[in-house]
Amino acid sequence: RCYILSNENGKIQLSLRQSRLNPKSNSKVEDVEITGIKDVKEGQLVRGYVKSITPSGVFFGLSTSLLGRILFQNVSPYFVQKHSLYEKYLPEGKLLTAKVLGVTEKHIELSLLPEDTGMPSVLPESLGLPRYDAEEEKREANDREKKEEVKLKTKRRRGNSERTGKIHWDQAEELYRVGKKKIKLHSRLAKIRNYSIWEMKPKRKKICPADENDSGIEVYYREEDDQEEEAAKKKSKIKKPGEAPRLQVSMGFTWDEDVNAMDMSVLNQKEDSSESDEEDEPKSKLKKQTKKEKELEKQKKEKELCKLEAALMDPGRQPQSADDFDRLVLSSPNSSILWLQYMAFHLQATEIEKARAVAERALKTICFREEQEKLNVWVALLNLENMYGTEETLMKVFERAVQYNEPLKVFQHLCDIYANSEKYKQAEELYHTMLKRFRQEKSVWLKYASFLLKQGQTEATHRLLERALKALPTKEHVDVISRFAQLEFRFGDPEHAKALFESTLSSYPKRTDIWSIYMDIMIKHGSQKEVRDIFERVIHLSLTPKKMKFFFKRYLDYEKKFGTTESVLAVKRAALEYVEAKSSFADT
C-alpha cells in the first residue's frame with residue numbers, strides 16, 4: 001500500500017510515509033517532510049539519501065526535488081586523496097543523517113562530521129587515514145612548548161638578577177677594610193639592573209635611610225658628577241636608643257676611579273658568573289633551537305614538495321581548484337572534456353560569469369581543425385545560457401554557433417536542449433524552421449517525429465510521414481517508413497507500426513534488411529505466434545541460398561531459445577527440404 005504523489009510524463013512518484021497512508025493516526029513523525037528550501041534551517045539535523053559523488057562534493061537528496069551539497073572536508077574528519085573511496089562507503093541511495101551548515105536561496109550546505117551529527121564517521125578509523133586537524137594539533141603543541149621555554153628563561157633571569165643584586169654586608173665591610181682604594185660602581189650598578197649593593201630595590205635611584213635591619217650606611221646613586229659629590233656629603237649615621245653602634249663611614253665613596261684598580265674578587269666572581277649565565281645560556285640554546293628549527297623546516301618542506309609532486313603526477317587525481325584546471329587545459333588545450341569540466345566547476349560554485357569566460361577562452365584556444373571539440377563547447381555554452389541566461393543571450397550564442405559550425409548540427413542540439421528543459425513550445429517552433437530550411441534532410445523529419453511521439457501526438461506523426469514522403473527523394477522512402485515504424489513501436493501505436501512494416505514488405509519482399517528489423521522488433525514486442533509466422537513467411541521466399549541460410553539459422557536459434565524439441569526438429573526438416581529442393585533443381 002502506498003500514496004501516489006504525482007503522475008507526470010509517465011513517471012509516478014510514490015510515498016510510504018505513515019502520515020500519508022494513515023492521516024488520522026497520531027503517531028510521531030520521525031522525519032519532517034521537506035517540500036522546499038524554506039523548510040530547511042541552519043543547524044537543523046536532517047535525514048536523506050546519497051544521490052551522487054562529484055569532484056566538488058557529495059550531493060545529498062533531502063526530497064524528490066531538493067538537493068544539498070556536502071564538501072569533502074565536511075564528509076569525514078579524515079583526509080582522502082582518492083575520491084573513489086567515498087563511492088565505496090557512500091553508495092548511491094544510502095540513508096544518512098546530516099547537519100545543515102548554511103542555507104541560501106539556491107544552495108544548502110550540509111555536514112556529516114561526527115561532531116555535527118553525533119553519528120559515527122562514515123569512514124572507519126581502521127583505514128588509517130590522516131586527520132584534517134593533525135597538523136593543527138602538532139602546531140599547537142609546538143607553540144605550547146615554546147611558551148613554556150620562554151617562561152623558564154624569564155624565571156631563570158629573574159632568579160639570577162635577584163641573587164646578583166644581594167651582596168652580604170660582611171663582604172662589603174671586608175672590601176672596605178682591605179681596599180682603602182676607591183671603586184667606581186656606576187657601571188656595576190647599571191649592569192645588575194639598577195640594584196644597590198646593599199639590597200637595593202630594582203630601578204630606584206635613591207636608597208632611603210636604613211631601618212632596623214639595614215646596614216646603617218646611606219648610599220645615593222647619581223648619574224652626574226655634581227650630584228654624586230652632594231650625595232657623599234649627605235651621608236650620616238642613624239642611631240636608635242638601645243642599639244649597638246653601627247659601622248660608620250668617615251669618607252664617602254667616589255665614583256671616578258677605574259674598577260680594575262681594585263681587587264674585586266668577591267664582587268667580580270658573582271657578577272661575572274651571573275652575567276655569563278644570562279648571556280651564554282640563551283646563546284647556546286638559541287643555536288640549538290635554530291639548528292633544530294632549520295632541520296624541521298627543511299624536512300617539512302621536503303615532505304610537502306614530495307606530496308605535491310606525487311599528487312600532480314597521479315593520473316587519476318581530480319582537480320580541486322581553478323589552478324589545477326588551468327594546468328590541465330594547458331597540457332591538453334584541444335580536449336573539450338577538460339574545458340567542460342572547468343565550466344562545471346565554476347557552475348557548481350554559481351560563478352556564471354567565470355563559466356562563460358572559460359567557454360569563450362576554450363573557443364579561442366581549441367585548434368580550428370578540431371571541429372567536433374569546438375562544437376562540444378558551443379553546445380555547453382548553449383546549455384549554460386538556456387539554464388542561467390535569458391532568451392536574448394541564448395539567441396546571440398545560437399547565431400554565433402551557426403556561423404562557426406554546421407548549421408544543421410547546431411539546430412538539432414538546440415532542439416534537444418529545449419526538449420530536455422521541457423520548453424516544448426520553443427522546440428516545436430524551431431523544428432518548423434528546420435523543416436523549411438533542411439527539408440531534404442531525412443534526420444530532421446525523424447527527429448521531429450520522435451519529438452511528436454514523445455509528446456503523445458500520434459496523429460501529427462502520421463501527417464508528418466506523408467509530408468516527409470513528398471519532400472524526400474524516392475530512394476529514401478523505404479528507409480524513412482521503416483524508421484517511422486520503429487519509432488511507433490517505441491513511443492506510439494504498435495499496431496500502426498506493424499501495418500507500416502507489412503505494407504513495406506508487401507511492396508518490397510526481397511528487402512532482407514527490413515525483414516531482419518521487423519523480426520528483431522517482433523521478438524522484443526510481439527508474441528511467439530507472430531514471430532513464427534514471420535519466420536515461416538521468410539523461409540518460403542525465393543531468395544538466394546546465402547540469405548536463406550541466414551534466416552534458417554536465425555529461426556533455429558529462436559526455437560532453441562524459446563521453443564521445444566519438436567519445433568527445433570521441424571525447422572531442421574524445413575531447412576533439409578529446402579536444400580534437397582535446390583539440389584534437385586540444380587540437377588534438372
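Helices (H or I, at least four residues) and strands (E, at least two) are DSSP runs, numbered from the N terminus. The model is predicted: local features need pLDDT of at least 70, side-chain atom pairs count only at pLDDT 80 or more, and totals for chains, interfaces and linings use all residues. Residues are numbered from 1 along each chain as its sequence is written, and side-chain values use heavy atoms, with hydrogens and water left out.

S56 sits in the loop between β3 (45-54) and β4 (57-61). Its relative accessibility is 13%, so S56 counts as buried (under 20% relative accessible area, with exposed over 50% and partly exposed in between; 1.4 Å probe, protein chains only). Leaving aside residues up to four places away in sequence, S56 touches R69, L71, F72 and Q348; contact means heavy atoms within 4.5 Å.

## Aromatic pairs

Rings of Phe, Tyr and Trp (its six-membered ring) pair if their centres lie within 6.5 Å; planes under 30 degrees apart count as stacked, over 60 as edge-to-face and the rest as tilted. The structure holds 17 aromatic pairs. In one of them, Y431 and F451, the ring centres are 5.3 Å apart and the planes are at 40°, so the pair is tilted. This pair links distant parts of the chain, 20 residues apart: Y431 is in helix α15 (residues 424-437) and F451 in helix α16 (residues 442-454).

Y431 is buried at 2% relative accessibility, and F451 is buried at 6%. Y424, Y431, Y448 and F451 form one aromatic cluster.
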